[in-house]
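Let's take a friendly walk through this model together. Have the sequence and the 3D view at hand as you read.

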Amino acid sequence: MASSSGVLSEDQLQCFICLDVFTDPVTTPCGHNFCMICLTEFWDSSSHCRCPVCKEEFPKRPQLCVNTFISELAAPFKKAVQKNTEKEKADTVKVFSALMRCIERSHTELLKVMEEKQKAAEMQAEEFIKELEQEITELKRRNTELEQISHTEDHLHLLQIYPSLCSPPHTQDWTDVTINSHLSVETLRRALSQLQETLSEEMEKVPEINLKRIQQYAVDVTLDPDTANPSLILSDDGKQVTCGDKRQNLPDNPERFDRCVCVLGKEGFSSGRFYYEVQVRGKTKWTLGVARESINRKGEITASPEDGYWSVWLRNETEYRACDSPSVSLSLKRAPQKVGVFVDYEEGLISFYDVDAKSHIYSFTGQNFTEKLYLYFCPCPNDGGKNSAPLIICPVHQI
């Protein structure tokens, strides 16, 4: 296992299954090494006992013992990884603490600004009230004078002293009278809360915007009858598939699935981006995704990226899972009625969407595609009619 320079690297001491430095390494009869728990779980999840690397099958499950030599070689790397992990956690805590301090400081500064504005508004209001009080006092004084002179009989003298009394009321100049309004702290807080709600609403639109963007890569695809398991029934236009009760008498050509009730698309893609949608309404179980051209189509199939399958499935009406390595349980708010599948060949990306809910389901990222990719469908057995609804390739209507 030594490199050409005679020094072992961390990559040479990684488990093929978990891609981490060995923990309790064990060696298979064919000479490949894995973590004991990784290999045990791999064999427990498969009906065949075989090597995950070279696919060699063992008639009897080998007795696993820790390879002490490899374990001792891996120990320093394991400690280094743990040390780096702890350092990364510490750095993350520091960044988060700094961010929280920044937020608290910004909140404090905002409150300070609002308080200053409130004080300024209150001072202006006080000055305005004082001006009004002075104006009222002046009006009262003038009213008193008018009351006094209203009893005089010398009208000419009255007009000489108070010429403004001859002017109509509508000619009075009110341009100097102003009313200033200022936002209170509570008003600013309500505005800030409304801004946060608006931001949240815009963030909720992100999956919808993303789905609208990728729908432009919609392709017209059909199912390939030469690959269909004999129990499957395809529509004449190649857009629908369901599982029948009896196997049809069909030639066992190399392209055909002989045991698993699966079918591939006719069209293959070796570059660019493509997107299609499938109706899954009324089904209790199904599997959807894409597969590479060289997949095994005979006997039992392990649907995983290592075996050339990228898919998600439904079982028992409510159990959703992504067939990743290892598989991932999916928690969906609602049962999808139509599933969208998007592939970016160069980016190594496969994403699944709930079309009606405009929400993201799961993504396989960082994949390395070197072959043509085809649509992969498995309508699953019909269970006496309970799962008889077909999988239907639907035309894409952009949202």
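## A buried threonine

Threonine 227 is buried, with a relative accessible area of 3%. That figure falls under the 20% cut-off for buried residues. Please keep in mind that this is a predicted model. You will find threonine 227 in the loop between α5 (206-214) and β3 (232-234).

What does threonine 227 touch, once residues up to four places away in sequence are set aside? Its partners are Glu255, Arg256, Phe257, Cys262, Val263, Leu264 and Arg297.

## The protein as a whole

Stepping back, the secondary structure of the protein amounts to five helices and 15 strands. Of its 399 residues, 31% count as buried, threonine 227 being one of the buried residues.

The protein exposes about 25400 Å², and carbon and sulfur atoms supply 53% of that area. If you take the contacts between residues at least 6 apart in sequence, 61% of them join residues at least 24 apart.

Another threonine is worth a visit. Threonine 23 sits in the segment before β1 (25-27). Is threonine 23 buried or partly exposed? With a relative accessible area of 37%, threonine 23 is partly exposed, because that value lies between the 20% and 50% cut-offs.

Leaving out residues up to four places away in sequence, threonine 23 touches Cys35, Met36 and Lys78. Cysteine 38 is 15 residues from threonine 23 along the chain, and the C-alpha atoms of the two are separated by 9.2 Å.

Now turn to helix α2, which spans residues 68-149 and contains isoleucine 103. At 44% relative accessibility, isoleucine 103 counts as partly exposed. On the surface, isoleucine 103 forms a nonpolar patch with Leu99 and Met100. Together these residues have about 250 Å² of accessible area.

Strands β12 (residues 349-354) and β13 (residues 359-364) pair in the antiparallel sense, over five bridges. Which residue in β13 is the bridge partner of serine 351? It is serine 363.

Four residues lie between the strands of this hairpin, and in it lysine 358 takes a positive phi near 55°.

## Backbone features to check

Most residues other than glycine have a negative phi, and most peptide bonds are trans. Lysine 55, although not a glycine, has a positive phi of about 65°. Lysine 55 belongs to the loop between α1 (36-44) and α2, and at 33% relative accessibility it counts as partly exposed.

Aspartate 383 also has a positive phi, near 50°. Aspartate 383 is in the loop between β14 (373-378) and β15 (391-394), where its relative accessibility of 35% makes it partly exposed. A peptide bond deserves a stop too: serine 325 and proline 326 are joined by a cis bond, with omega about 0°. Look for proline 326 in the loop between β9 (319-322) and β10 (328-330).

Key. Residues are numbered from 1 along each chain as its sequence is written. This is a predicted model: local features need pLDDT of at least 70, side-chain atom pairs count only at pLDDT 80 or more; totals for chains, interfaces and linings use all residues. Side-chain values use heavy atoms; hydrogens and water are left out. Patches are made of residues with over 30% relative accessible area and no salt bridge: like charges are joined within 9 Å, nonpolar side chains (Val, Leu, Ile, Met, Phe, Trp, Tyr) within 5 Å. Accessible areas come from the Shrake-Rupley method with a 1.4 Å probe; for residues, only the protein chains shown count as cover. A salt bridge is a side-chain nitrogen of Lys or Arg within 4 Å of a carboxyl oxygen of Asp or Glu. Helices (H or I, at least four residues) and strands (E, at least two) are DSSP runs, numbered from the N terminus. Buried means under 20% relative accessible area, exposed over 50%, partly exposed in between (1.4 Å probe, protein chains only). Contact means heavy atoms within 4.5 Å. Two strands pair if DSSP finds at least two bridges between them.
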